[in-house]
Amino acid sequence: MNKIKNLIKLMRSKHYIKNLLIFVSIFFDKNIFVGSVLARVVCGFIAFCAISSAIYIFNDIHDVEQDRQHEVKKNRPIASGAISVKLAYIIAFGLFISALAINLLCGFSWQAMAIMLVYFVCNLGYSLGLKNIPFLDIVLLVMGFMLRVLYGAAIIGSGVSAWVYLTVISLSFYLGLGKRRNELKKSKGETSTRKVLSFYSFEFLDKFMYLCLTLAVAFYALWSADAEIVVKYGTDKLIWTVPLVIVLLMKYSADIESNSYGDPVDVITHDKVLVLLSFVFALVLFGLIYIPGLR
C-alpha cells in the first residue's frame, strides 16, 4: 500500500487538474456531449497526464539533492529514498512512451503530437536549468498552461479564439507570478533551493501579478460581451459571469497573500470556498452555453 501511495505521489496526480485545460476547446465548441469527440479529448487528457508525470519525475530526479534540503520537498518519494532513482527513470520513460503511443493509436494530428513534444522539451529545459533564468522561468510556466489549451484544440481540429487565448495567457502569468511570490515568501530570504528567487522582489511580483489579473478579467469580459459570442451561444447573459470571475480571483488573491501555498493546485485544493466558487462559476457558464432555457 505504501508503494502505491509513493507511486501516486511521485506522479503528482493532484496536478492533473491543470490538464483540464485540454477540455477548453471542446467545452466552448459545445461538443462536450458528442461521444466520439469527447472520447478523443479524454484520451488526450490521459496522454497529457502521462507526459506531465514523466516531467515531474525527471525534475525530482534532477533536483533530488536540493529537495533533500527543502522543508517540504524532502518528503518527496525520491528525495526521501522511498523510490530509487533507477526505478524513477524506468517509470518516467514508460509514461513518456505511453503518452506518445496514445497519440499514435488515437490518430491525433501531427500538430497535437508536436504540441505535446514542445511541452515536453520546454519542461525538460525548465528542469535542467532554465528555471534559474529570471523571467524565462515564468514564461515557461505560462507556456505549460497555454500548450494544454492548444493541445486540446489540436486533438479535435478546433481553434482557440483570440479572447480565450488572451484570457488564458494573462491568467497564466498571474498564476505564475503568484507562485513565485509565495515561494519568495516561504524562502524567508533563503534562496539556495530556488536560485531565481534572488532576482525577484515582492514589489515587482505584486505589480505585475495584479496587472495580469486586471488584463485577464478585462479580456474575459470582452469575450463575454463580444457580438460573435452572443450570436454563437444565442445569449447575451454571459456578461453576468464576470462578477463571479472577479469574486473567484479576489478569493484566490486573498489566499496568495495570506497562505503559504505556492502552487495554484495547492492554493485551490486547500480552500473549500475557492473550490465552491469555481464549481458555481463552471455550473453557471455551462448552463448559459448548454441549456437553452437559461439563455
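In which helix does Ser53 lie? I looked it up in this predicted model and found Ser53 in helix H3.

**Entry 1**

I checked the accessibility of Ser53 and noted 0%, so Ser53 counts as buried. Setting aside neighbours within four places in sequence, I found Ser53 in contact with Met11, Tyr16 and Leu95.

I then turned to the largest nonpolar core, which has 81 residues. Tyr151, Trp223 and Leu285 are those with the most contacts inside this core. Helix H3, residues 35-62, gives the most to the core, with 12 residues. I recorded as background that in soluble globular proteins nonpolar side chains tend to be buried together.

For Trp223 I listed the residues touched, not counting those up to four places away in sequence. Among them are Phe28, Trp163, Ile229, Tyr233 and Leu285. Ser161 is also touched by Trp223.

Most residues other than glycine have a negative phi. I therefore noted the exceptions under this heading, bearing in mind that most such residues have a negative phi.

Arg12 is not a glycine, yet has a positive phi of about 55 degrees. I located Arg12 in the loop between helix H1 (2-11) and helix H2 (24-28). Its relative accessible area is 13%, so Arg12 is buried.

Lys30 also has a positive phi, near 60 degrees, and is a residue other than glycine. I placed Lys30 in the loop between H2 and H3. With a relative accessible area of 30%, Lys30 is partly exposed.

**Entry 1: Salt bridges**

How many salt bridges does the count come to? I recorded 11 salt bridges. As background, side chains of opposite charge can pair when their charged atoms come close.

I examined the pair Lys14 and Asp266, whose closest N and O atoms are 2.6 Å apart. Lys14 lies in the loop between H1 and H2 and Asp266 in helix H13 (residues 264-269), so this pair ties together parts that are 252 residues apart in sequence. Lys14 is partly exposed at 46% relative accessible area, whereas Asp266 is buried at 16%.

Lys251 and Asp271 meet through their side chains in a salt bridge, 2.5 Å from N to O. I found Lys251 in helix H12 (residues 241-258) and Asp271 in the loop between H13 and H14, so the pair ties together parts 20 residues apart in sequence. Lys251 is partly exposed, at 24%, and Asp271 is buried, at 8%.

Salt bridges that share partners join Asp137, Lys179, Arg180 and Glu183 into one network. Lys179 is found in helix H9 (residues 162-187). Because Lys179 and Glu183 are 4 residues apart in helix H9, about one helical turn separates them. Both partners came out as buried: Lys179 has a relative accessible area of 12%, and Glu183 has 13%.

**Entry 2: Helix H14**

Which residues form a nonpolar patch on the surface? I noted Leu276, Phe279, Val280, Leu283 and Val284, with about 440 Å² of accessible area together. Leu283 lies in helix H14, residues 272-290.

Val273 is found in helix H14 as well, and at 44% relative accessibility Val273 counts as partly exposed. Finally, I checked the C-alpha atoms of Val273 and Leu288, which are 15 residues apart along the chain, and found them separated by 23 Å.

Notes:
Residues numbered from 1 in each chain as written. Predicted model: local features only at pLDDT ≥ 70, side-chain atom pairs only at ≥ 80, totals over all residues. Heavy atoms only, no water. Patch = residues over 30% accessible without salt bridge, like charges linked within 9 Å, V, L, I, M, F, W, Y side chains within 5 Å. Areas by Shrake-Rupley, 256 points an atom, 1.4 Å probe, with all protein chains shown as cover. Salt bridge = Lys/Arg side-chain N within 4 Å of Asp/Glu carboxyl O. Helix = DSSP H or I, 4+ residues; strand = E, 2+ residues; numbered from the N terminus. Buried < 20%, exposed > 50% of the residue type's maximum accessible area, 1.4 Å probe, protein only. Core = buried A, V, L, I, M, F, W, Y, C linked by side-chain atoms within 4.5 Å. Contact = heavy atoms within 4.5 Å.
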